[in-house]
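User: Could you walk me through how to read side-chain packing in a model like this? I'd like the general idea first and then the case at hand.

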Amino acid sequence: MAVAEAPLTVAIIGSGPSGFYAAGALLDNPDLDVRVDMFERLATPWGLVRFGVAPDHPKIKSVSSVYAKIAAQESFRFFGNVEVGGGISGDITRDELTERYDAVIYAVGTQGDRKLGIPGEELPGSVAAVDFVGWYNGHPDYADLTFDLSCERAVVIGNGNVALDVARILCSPHDRLAKTDIADHALEVLRDSKITEVLVVGRRGAGQAAFTTPELKELPEYTESGVDVAPEQVADIDEDSLSKVAKRNLGVMRVYADSDTEYGQRHITLRFQRSPVELRGDGRVEELVLGHNELRTAEDGWVSAHDTGARETVRTGLVLRAVGYKGIAIDGLPFDERRGVIPNELGRVVGAEREYVVGWIKRGPTGIIGTNRKDSVETVTQLLADLASGKLRRHDRDGSVDIEDWLAERQPDLVTEQGWQLIDAAERTAGEPHGRPRVKLCRTDALLDIALNRTRADV
Ligand code: NAP
């Protein structure tokens, strides 16, 4: 009698976009009998879509409906509030996962922030944009942070989309934010903000900014204000050497520079060729010293910034560094400290068997949400090739029963897909009377109360 082949079992660690796209790519194979279990440290899924994408970008957030469809499939299970790590830091370990699953995919993103490395950086009032974003998006790890918005000018260091997100949120009229799913605690603090100008500083030129054009173009509409760009900083730029996006950005910035639109209650100023040199203040940030840079173009076309020695002092009480995210090492797996990623070949972790990576921990913090789809498909393609070549084998086990028992023992407050559905429904219902997509629960205890009590009451 032929013995039925055991299903392929895959654990995905992390429930952000790259994790869901990996799950989707696995489940999208009609001829493959596969079971996918997704583990998430937090009580809620969707990673950056819930905690990174700005609350006033609901269209970008609507991609979560794709993830909900994946999660609804029978061969998929969600296990939230489970931390994977070694020793006391985790509920379960990497070794336990590789013992129980045929393959493990890490989709853990990049949870650390990069530092500026300048004197005064540790002063209160100098903060990582990552923390500010987590705070206004209701991430439980950041819900208890406090931000002092009593100064008139905030400064954002960096010229990426995160810099524009935080600048825009700081400048948005309150009634606009009140219609979003921004955390209630942030809404309250932003309502009383005294900030009238957010200065966004780039170390290179207007032609080298990493913003994408729609994000740059929407600023006047979202902040109900003109954007201050110094005309001389967008003049005399050799456009032939610029990328398509940079050319489009420059076009938008030139319109801002030429515009005589009045500044609103709050406005954004873009300044280029300036690097943070020092933060000064008596017990907290009061001034930022900026160094002026000149640009030099290398033979390969790369434009770099060089200190001219000129200095400028800006009064400010809040400096947000938005200079990129950085991955955090996973116990037992190789790690490239400089790039902040797990070394891999097309998603196969170097020096490991049956372990794979997707998303920002694989390639670094670049690209938009959709970029992760292609990236996850690439990794899953390698995983399936390993299965076909025999490098990866189905073990003769179906962990559907004992995995749940094992997890319940390790984490009695396990949040399943059913528990998340309860949270999701409760948040959406709370948002309805106020015309908001949801009112986020921002503390793990509150999330668990909903996910677990009602689940228990149901049984
Ligand atoms: P990013 O796009 O890599 O931008 C980082 C910025 O920091 C660059 O302008 C970089 O300048 C600057 N920088 C780095 N080190 C610096 C230093 N020591 N001093 C001064 N400036 C420094 O990173 P991000 O803004 O964190 O965004 C991460 C990814 O998420 C990006 O791909 C972004 O597009 C994406 N994202 C997308 C959206 C959206 O679609 N709406 C929203 C948020 C984020 P150099 O270029 O000179 O290195």
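Predicted model: local features only at pLDDT ≥ 70, side-chain atom pairs only at ≥ 80, totals over all residues.

User: How many aromatic pairs does a search of the whole structure find?

Analyst: The search turns up 11 aromatic pairs. One of them joins phenylalanine 39 and tyrosine 101 edge-to-face, at 6.0 Å centre to centre with 85° between the planes. Phenylalanine 39 belongs to strand β2, while tyrosine 101 sits in the loop between α5 and β4, so the pair links parts of the chain 62 residues apart.

User: Are phenylalanine 39 and tyrosine 101 buried or exposed?

Analyst: Buried means under 20% relative accessible area. Phenylalanine 39 has 1% relative accessibility, so it counts as buried; tyrosine 101, at 2%, is buried as well. Another edge-to-face pair is tryptophan 46 with tryptophan 420, 5.1 Å centre to centre and 80° between the planes. Tryptophan 46 lies in the loop between β2 and α2, and tryptophan 420 in helix α17, 374 residues apart.

User: Which residues of helix α4 are buried, and where on the helix do they lie?

Analyst: The general idea comes first: an α-helix has 3.6 residues a turn, so residues three or four places apart point the same way. In α4, the buried residues are Ser64, Tyr67, Ile70 and Ala71. They cover an arc of only 110° around the axis, which puts them on the same side of α4. Their packing partners are α1, α2, α3, β3 and α17.

User: And what of the largest nonpolar core?

Analyst: In soluble globular proteins, nonpolar side chains tend to be buried together. Here the largest nonpolar core has 56 residues, and helix α7 gives the most to it, with seven.

Note on methods: Residues numbered from 1 in each chain as written. Heavy atoms only, no water. Core = buried A, V, L, I, M, F, W, Y, C linked by side-chain atoms within 4.5 Å. Buried < 20%, exposed > 50% of the residue type's maximum accessible area, 1.4 Å probe, protein only. Helix = DSSP H or I, 4+ residues; strand = E, 2+ residues; numbered from the N terminus. Arc of directions from axis to C-beta. Contact = heavy atoms within 4.5 Å. Phe/Tyr/Trp six-rings, centres within 6.5 Å; stacked < 30°, edge-to-face > 60°.
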